[in-house]
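Dear colleague,

I am handing over the structure below, and after it I set out what was found. Please read the notes with the structure open beside them.

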Amino acid sequence: MPDCAAVLRSAFTLALAFFSSGCAFMNQHVQLDGLEPVTLRSSAPRKVVVRELVDARVDPSRVGVVKNGWGNETALVLTETDVSKALSEALCASLERAGWTVVRAQASAAVEVPRAEDWVVSGWLRSLMSEPSIGTWAVDELAEAEVTLEVRTAHRLLRRSFRGFELLENNLACFSDCAQAALKAAMTQVVQEAVQGLLELSVRVPPVVLEPAPTLLWLELELD
């Protein structure tokens, strides 16, 4: 006698492959703007110039892949959103919520060398990607975002990378709505991690410290 569980698993896989086959071969389109700023409290607010993030990805429109019921990549997830701009806006708004004074600048804009306790924050978007994981009974959607920030003080240049992850589990099928939700959650997470890192750095490197000891920084920051 055939194993009932095995039969059900096979039937589900075939049904998923059948119902998703038409959409799985079509590119999916998502909108990734309008990120909600995060709310974190700062005990050492700064005045900063934040330059818009540079998009360092090879193809800024590509933000994920589509798979059929058998787990094979069959199409792309695409966006017309300027993702680096959306992340920059969320970063600036989040810092302002934390009580910081933020001056926005274009990525290519020339800015003055920071003096005293002021900072200049620059950076780039390294990756943004979503991918469905096809299981026996359900589909999980994974999304990842990575941003690198550089903080220039009057005497130092500090660099650190931040990552955001999101996993949407147990979906019957995952297409544009699923990918969009996972991507925006990962983007919000990377903004939160970046803001948290800047707030922590502001406390660890107080304005009166002109030459902070490397031991205060090396655990989490790459120093040039």
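Two strands are said to pair if DSSP finds at least two bridges between them. Please keep in mind throughout that this is a predicted model.

With that definition in hand, strand β4 (residues 62-67) and strand β5 (residues 73-79) pair in the antiparallel sense, over five bridges, and within this pairing Val-65 stands opposite Leu-76 in β5. Five of the six residues of β4 are buried, so this strand is largely enclosed by the rest of the structure.

The largest nonpolar core holds 46 residues, of which Leu-87, Leu-95, Trp-100 and Leu-149 touch the most other members. Among the elements that each supply at least two residues of this core are β4, β5, α2 (83-97), β8 (139-152) and α3 (176-204), and the largest share, 12 residues, comes from α3. If its neighbours within four places in sequence are left aside, Leu-149 is in contact with residues including Leu-53, Leu-91, Val-121, Phe-162, Ala-194 and Leu-198.

The largest pocket contains about 190 Å³ of space, and the elements that give two or more residues to its lining are β2 (47-51) and β7 (119-134). Of these, β2 gives the most, with three residues. Among the lining residues are Lys-47, Val-48, Val-49, Pro-114, Arg-115, Asp-118 and Trp-119, and the lining as a whole divides into seven nonpolar, no polar and four charged residues.

With best wishes

Key: Residues are numbered from 1 along each chain as its sequence is written. This is a predicted model: local features need pLDDT of at least 70, side-chain atom pairs count only at pLDDT 80 or more; totals for chains, interfaces and linings use all residues. Side-chain values use heavy atoms; hydrogens and water are left out. Buried means under 20% relative accessible area, exposed over 50%, partly exposed in between (1.4 Å probe, protein chains only). Helices (H or I, at least four residues) and strands (E, at least two) are DSSP runs, numbered from the N terminus. On a 1 Å grid over the protein atoms alone, a cavity is a set of points where a 1.4 Å probe fits but cannot get out, and a pocket is an open set with protein on both sides within 12 Å along at least five of seven lines; lining residues have an atom within 4 Å of a point. Grid points are joined across faces, edges and corners, and a volume is the space filled by probe spheres set on the points. Ala, Val, Leu, Ile, Met, Phe, Trp, Tyr, Cys and Pro count as nonpolar, Asp, Glu, Lys and Arg as charged, and the others, Gly among them, as polar. A nonpolar core is a set of buried Ala, Val, Leu, Ile, Met, Phe, Trp, Tyr and Cys residues joined through side-chain atoms within 4.5 Å. Contact means heavy atoms within 4.5 Å.
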